[in-house]
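Okay, thanks for coming, everyone.

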Amino acid sequence: MFDLKIEGATVIDGTGAEGGRADVGVSDDLIAAVGDLSREPAGSTLRAAGRVVAPGFIDMHSHSDWRLWENRRAESKIRQGVTTEVVGNCGFSPAPVSAEFLDDLRGFALYVPDGMDFGWRSVGEYLRAFDADGTALNVVQLVGHGTLRIATMGFARRAPDGKELARMQRLMGDAMEDGAWGLSTGLIYAPGSYAATEEIVEIARVAGRHRGFYASHIRGEGATLLDAVTEAIRVGREGDLPVQVSHIKAAGRPNWGKVAQALALVDAARAEGLDVMADVYPYTASSTTLRTLLPDWALEGGVDAMMKRLADPEVRGRIRRELEAPVTGQSLLDRIGWENIMIAYCARRKDAEGKRLSELGAARGMDPLEAALELIVDEAGKAYMILFQLDEADLRRALVHPMVMIGSDGSSLAPYGALGAGKPHPRSYGTFPRVLGEYAREQRVLGLPEAVHKMTGLPARRLGLRDRGIVRVGAKADLVVFDGKRVADQATYEEPHRYPVGVEHVLVNGRLVIKDGEHTGSLPGKLLTPP
Ligand code: CU
Ligand code: ZN
């Protein structure tokens with residue numbers, strides 16, 4: 001007798017193979033049987049004729065570690081069918097923390113939810129504190145290089161000395177022993193951007209020794225894209241560990257098309273025997289903090305130091321000159337006009353949300369750069385923007401590449417309370433249904449089994465997870481039941497806080513979290529530890 005039975009659906013098992021009709025029996029947290037189970041008794045039965053049952057989706061690139069604390073139900077992710085999130089990305093995780101530089105980390109954090117009290121120091125202490133209250137989905141934690149650097153040397157804009165490097169390596173090793181899965185970098189963000197490749201190799205090697213992997217928001221996604229991919233691959237080669245190129249893209253119109261060359265670099269590295277993969281989100285806009293517009297020296301010493309600098313007209317002049325300088329390949333403004341930058345979220349200046357910087361400047365009687373600087377100051381560096389700067393053809397290229405999987409780069413949000421503030425990038429609500437609906441069903445850019453593989457079996461392979469990302473007997477019962485004819489994202493740039501349609505049931509570790517499209521309130525997610 002099964003605890004639960006899913007009857008009559010087409011099973012797409014996550015391997016990339018075509019689907020076939022089968023029932024799925026679940027006992028406790030495991031898939032107990034797959035096949036004709038029509039005669040088998042079960043505690044409850046989900047009738048799913050005409051639906052697809054697939055492994056729960058693995059979001060390979062998430063920032064939910066900053067949100068799940070006050071969103072234990074993981075609303076915007078679980079409703080997409082996501083059952084595991086990989087967090088701690090882009091160089092930034094909430095641990096480890098040092099007493100000396102705690103304020104720097106907290107000031108740098110874009111969002112510190114209720115309950116996140118920084119009472120921890122090590123990654124182990126952090127994970128225990130996080131896990132105490134449970135979550136709806138499973139969590140895989142990476143350690144951010146920026147966080148390691150802040151804990152060791154704050155926002156110092158220089159190379160670490162021998163002692164400091166050894167300390168970062170020790171923190172990395174301890175984190176791996178505490179249950180982390182690898183190292184992430186954010187090499188366009190201070191203080192990660194202050195690090196030379198050698199420093200990253202030295203720390204990555206420690207993660208590799210513990211069988212971790214290296215996920216990188218690479219040093220440039222525009223004019224310097226190919227150099228940056230080459231650097232990430234070098235870290236894998238010299239640090240002896242697998243490489244995940246995060247949210248692969250070519251930003252700025254002059255760089256459109258370069259995703260093909262970036263993927264060719266991935267192919268060449270693989271031909272050399274290196275384990276290099278990438279992830280992508282299905283949108284042609286990116287999103288990050290507004291302060292990323294600033295040259296990285298502006299953040300030397302941390303957010304307080306940045307605020308002081310921005311109060312100085314001479315420094316503002318220097319920022320303006322650098323940003324308006326002829327093509328350097330580094331400045332965001334080389335690649336994108338002010339009208340293509342939308343303010344997504346800011347806590348204080350609500351009037352700015354949803355407006356383009358060109359509009360905002362006009363409305364405030366100042367030029368767009370002044371309007372941006374004013375907003376960075378008003379929000380103490382915590383405002384977000386959306387940049388409309390990517391190419392649809394590049395996106396399709398990435399989606400169909402066999403070593404590219406899906407990662408949202410978003411967070412678990414919800415359309416209520418603090419979680420529903422602003423106009424964040426719709427990827428937090430729509431990524432997975434958008435791939436299945438828009439790109440598989442409507443545009444036929446990829447087949448449905450292939451699309452499912454890129455959100456299940458392929459990320460499971462990257463993580464070394466043998467018992468998730470697949471529908472087979474003995475695997476963990478992380479499952480999603482969706483309507484292949486109807487599944488679609490609903491979140492837009494104008495109205496981002498909208499759940500998708502067509503995702504009917506979601507099971508995490510054998511428990512129903514979404515039933516008939518409604519959240520059950522169940523929190524069966526686990527903090528996963530590396531195999
Ligand atoms: Cu990210
Ligand atoms: Zn990133």
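Predicted model: local features only at pLDDT ≥ 70, side-chain atom pairs only at ≥ 80, totals over all residues.

Residues are numbered from 1 along each chain as its sequence is written, chains are lettered from A and ligands numbered from 1 in the order in which they are written, and side-chain values use heavy atoms, with hydrogens and water left out.

His519 sits in strand S23, residues 518–519. Is His519 buried or exposed? With a relative accessibility of 11%, His519 is buried; that word means under 20% relative accessible area, while exposed means over 50% and partly exposed is in between (1.4 Å probe, protein chains only). In sequence, His519 and Arg73 are 446 residues apart, but their C-alpha atoms are 8.0 Å apart in space.

Now, the metals. Which residues hold the zinc ion, ligand 2? The answer is Cys90 through SG, His217 through ND1 and His247 through NE2, at 2.1 to 2.2 Å. Donors here are N, O and S atoms within 2.8 Å of the metal (3.2 Å for Na, K and Ca), and because water is not among the atoms, sites may look incomplete. Along the chain, the zinc donors have the spacing C-x126-H-x29-H. Cys90 and His247 link distant parts of the chain, 157 residues apart: Cys90 is in the loop between strand S9 (82–87) and helix H2 (102–108), and His247 in the loop between strand S14 (243–245) and helix H8 (259–271). Cys90 and His247 are both buried.

On to salt bridges. That means a side-chain nitrogen of Lys or Arg within 4 Å of a carboxyl oxygen of Asp or Glu. How many are there in the whole structure? A search finds 39.

Take Arg157 and Glu300, whose closest N and O atoms are 3.3 Å apart. Arg157 is in the loop between helix H4 (145–153) and H5, and Glu300 is in the loop between strand S16 (285–289) and helix H9 (303–310), so this pair ties together parts that are 143 residues apart in sequence. Arg157 is partly exposed at 40% relative accessibility, and Glu300 is partly exposed too, at 29%.

Next up, Glu231 and Arg219, with closest N and O atoms 2.8 Å apart. Glu231 is in helix H7 (residues 225–239), and Arg219 is in the loop between strand S13 (213–217) and H7, 12 residues away. Glu231 is buried, at 11% relative accessible area, whereas Arg219 is partly exposed, at 25%.

One more pair: Glu221 and Lys249 make a salt bridge at 3.0 Å, N to O. Glu221 is in the loop between S13 and H7, Lys249 in the loop between S14 and H8, and they are 28 residues apart. Both of these residues are buried. Elsewhere, Arg51, Asp483, Lys485, Arg486 and Glu504 are joined into one network by salt bridges that share partners.

That's my tour, so over to you.

Definitions and conventions
Helix = DSSP H or I, 4+ residues; strand = E, 2+ residues; numbered from the N terminus.
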